[in-house]
Protein chains: 2
Amino acid sequence: MNGSLSPEQVVSAARRLITAGGLDAFSMRKLAAVLDVNPMTIYLRFESKDVLLQAVAQASLTGLRLPPPSGSWIDQVVDLAAAIKDHLVADRAMLRVHSDPARLSAGVLGAVDRGLGLMAEVGYEGAHAVESFRQLFWSAVGAALVDGTFDSLPGSRSDLTDALAAVDDHPHIHDHATHFGPVDANRLFRSTARSLAVGLAAAAPMEIPS
Amino acid sequence: MNGSLSPEQVVSAARRLITAGGLDAFSMRKLAAVLDVNPMTIYLRFESKDVLLQAVAQASLTGLRLPPPSGSWIDQVVDLAAAIKDHLVADRAMLRVHSDPARLSAGVLGAVDRGLGLMAEVGYEGAHAVESFRQLFWSAVGAALVDGTFDSLPGSRSDLTDALAAVDDHPHIHDHATHFGPVDANRLFRSTARSLAVGLAAAAPMEIPS
DNA sequence: ACCTGAACACCGTTCAAGT
DNA sequence: ACCTGAACACCGTTCAAGT
């Protein structure tokens, strides 16, 4: 190893390691082993594990691709939110890391621009357009963070088994017990985004374009 | 120390430690020091750090209190979502831990029951009621996870400074640049929940009750 | 200038030994 | 039966020393 270790090499090796083994199992020493380098050599490129992980998180945001616009206004809103969420989910292992990715990737900027455009189409202007798009954007981020947590909070069968024990206090749960199947994260997010889009459209100054 | 260390003591000390110092700084050895006990004694109560953290996460879900129902149907839906989210945010440091809290607290069950009831009020039945409530519930969980990440993804001023550099490709961002102030997480979530509620109401079989 | 080995102050957890 | 001390196999990071 002599001047041959670029920061990009470090980031991409770290990304591979995290995607393969998760964030918890990631360590500077393992990364050094994979790079066939002394652990301390990495510290010549990145001042700490934290700084390296931020670079990794930023790299993971760069590849967002938007689907071509098609369908009704509501369809387009839902598609956009889903694209954001899906991209974030793909790099979910790194999401927690985001404490300061000040610079945004071109992909994310494209999504922001598309979203603002959609809001403008139904008459949202200025701060209202920003506000409306933010609802969509942060819902997508939340869904991405939540993805994988599904089945560990209300909704899975095992939860309801317990709930039925407390059924005296919870008549509605009792009535709907048979309908609590497993959660399809993707389907659920799309229907949520659709409801959100309908709500945004209803409050918009203009009619929904056809 | 002789038979005097209850699992409850361990959980509540762990909770205090995590709330005060965050999950990253939490360790079994520090917990043992706070409890004035040998680190290994904790392992007689909980088989691993992971298992202990799950018990902590579950304990943190127990205290959810619902606000008294008031206002329009939409107001109530928004209030419910906000209550869930606020409670989760309060214990946000522990949220990541949830890999298997199979048993739900009474507080969460109450929220599920209230939500299903609200959906029934506008005519959602069976699986549709469950589906509609899930949109609300998981939005709240997502918002809770996201809370604190605000200002690190699109929306903060520093982001837009960068975005303006790429302005040729992003006309909508350019037009709205001055409206990207800091994000008020709480206000944003409430307006998101409101849009969601409007969307759910619009698709409901019945009229919104007054 | 660039890299490294040894060392420091931590981890979670195992296990043989103590009372 | 209940607890513990020493030990193992790890961490991130510092820093003096090597080339």
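This is a predicted model: local features need pLDDT of at least 70, side-chain atom pairs count only at pLDDT 80 or more; totals for chains, interfaces and linings use all residues.

Colleague: Where is the place of Leu80(B), in which helix? And is Leu80(B) buried or exposed?
Modeller: Leu80(B) belongs to helix α5 of chain B. Its relative accessible area is 1%, under the 20% limit, so Leu80(B) counts as buried.

Colleague: Turning to the largest nonpolar core, which residues touch the most other members?
Modeller: They are Trp73(A), Leu116(A), Trp73(B), Leu116(B) and Met119(B), in a core of 66 residues.

Colleague: Which elements give two or more residues to this core?
Modeller: From chain A, they are α5 (73–90), α7 (106–121), α8 (126–146) and α11 (185–202). From chain B, they are α5 (73–90), α7 (106–121), α8 (126–146) and α11 (185–203). As general background, nonpolar side chains in soluble globular proteins tend to be buried together.

Colleague: What about Ser132(A): buried or exposed?
Modeller: Ser132(A), which lies in helix α8 of chain A, is buried, with a relative accessible area of 3%. Not counting residues up to four places away in sequence, Ser132(A) touches Met119(A), Tyr124(A) and Leu200(A).

Colleague: How many helices and strands has chain A?
Modeller: Chain A has eleven helices and zero strands. Buried residues account for 52% of its 210 residues. Of the contacts in chain A between residues at least 6 apart in sequence, 73% join residues at least 24 apart.

Colleague: Back to chain B. At what angle do α1(B) and α2(B) pack?
Modeller: Helix α1 (residues 7–21) and helix α2 (residues 28–35) of chain B pack at about 115 degrees, and their axes are 10 Å apart. The two helices are therefore roughly perpendicular to each other. The crossing of α1(B) past α2(B) is right-handed.

Colleague: Which residues make the contact?
Modeller: On α1(B), they are Gln9(B), Val10(B), Ala13(B), Ala14(B) and Leu17(B); on α2(B), they are Lys30(B), Leu31(B), Val34(B) and Leu35(B). By type, the residues of this contact are seven nonpolar, one polar and one charged.

Notes: Residues are numbered from 1 along each chain as its sequence is written. Chains are lettered from A and ligands numbered from 1 in the order in which they are written. Side-chain values use heavy atoms; hydrogens and water are left out. Axes are lines fitted to C-alpha atoms, for helices over the stretch in contact, and angles run from 0 to 180 degrees between N-to-C directions. Helices (H or I, at least four residues) and strands (E, at least two) are DSSP runs, numbered from the N terminus. Angles under 35 degrees count as roughly parallel, over 145 as roughly antiparallel, 65 to 115 as roughly perpendicular and the rest as oblique. A crossing is left-handed if the near helix is turned anticlockwise from the far one by less than a right angle, and right-handed if clockwise. Contact means heavy atoms within 4.5 Å. Ala, Val, Leu, Ile, Met, Phe, Trp, Tyr, Cys and Pro count as nonpolar, Asp, Glu, Lys and Arg as charged, and the others, Gly among them, as polar. A nonpolar core is a set of buried Ala, Val, Leu, Ile, Met, Phe, Trp, Tyr and Cys residues joined through side-chain atoms within 4.5 Å. Buried means under 20% relative accessible area, exposed over 50%, partly exposed in between (1.4 Å probe, protein chains only).
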